[in-house]
Amino acid sequence: MAKQQSKQVDARHYDVLIAPHITEKSMSDEGSVVFKVASEATKPQIKEAVEAIFSKKVASVNTIVSKGKTKRWKGKSYKRSDSKKAIVRLAAGESTIDFTGDI
């Protein structure tokens, strides 16, 4: 049986969640929020960070790793960096997370 972890905000939670990924498509689905996350972050770490920072109950976490494309500029090739996104589905009855509240 797993031991209960505290839901207090810790500095490591801010290292897991980098930024919200706000697009028309990501905001269209009610009850889910998309975040840009650290490349080494795991699903349990992402769930714990969202629950601690935003005080919302998380139902599930899905992750997507986008591999960086190889591009050319002035005859020289370079590679864009890889990125990782997490689709966080909030539990039933939880309202969505408002990112524009403190602006």
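Accessible areas come from the Shrake-Rupley method with a 1.4 Å probe, and for residues only the protein chains shown count as cover. The model is predicted, so local features need pLDDT of at least 70 and side-chain atom pairs count only at pLDDT 80 or more, while totals for chains, interfaces and linings use all residues. Residues are numbered from 1 along each chain as its sequence is written, and side-chain values use heavy atoms, with hydrogens and water left out.

**View 1. The whole chain and its surface.** The chain exposes about 7700 Å², of which carbon and sulfur atoms supply 51%. Its secondary structure comes to three helices and six strands, where helices (H or I, at least four residues) and strands (E, at least two) are DSSP runs numbered from the N terminus. Read from the N terminus on, these elements run α-β-α-β-α-β-β-β-β. The chain is more spread out than a compact globule, because its radius of gyration is 16 Å, well over the 13 Å that the globule rule gives for 103 residues; this radius is taken over C-alpha atoms, and the rule is 2.2 Å times the number of residues to the power 0.38. Along its principal axes, the C-alpha trace spans about 55 × 30 × 25 Å.

**View 2. V58 in strand 3.** V58 has its place in strand 3, residues 58–66, and at 3% relative accessibility V58 counts as buried. Buried means under 20% relative accessible area, exposed over 50%, and partly exposed in between (1.4 Å probe, protein chains only). Leaving aside residues up to four places away in sequence, V58 touches K47, V50, E51, V88, R89, L90 and A91, where contact means heavy atoms within 4.5 Å. V58 and E48 are 10 residues apart in sequence, and their C-alpha atoms are 8.6 Å apart in space.

**View 3. Y14 in helix 1.** Y14 belongs to helix 1, residues 11–16, and touches V9 and I53 when residues up to four places away in sequence are not counted. Although Y14 and I53 are 39 residues apart along the chain, their C-alpha atoms are separated by 8.2 Å.

**View 4. The largest pocket.** The largest pocket is lined by 13 residues, of which M27, V33, T96, I97 and F99 lie nearest its centre. Helix 2 (24–28) and strand 2 (32–37) are the elements that give two or more residues to this lining. On a 1 Å grid over the protein atoms alone, a pocket is an open set of points where a 1.4 Å probe fits, with protein on both sides within 12 Å along at least five of seven lines, and lining residues have an atom within 4 Å of a point.
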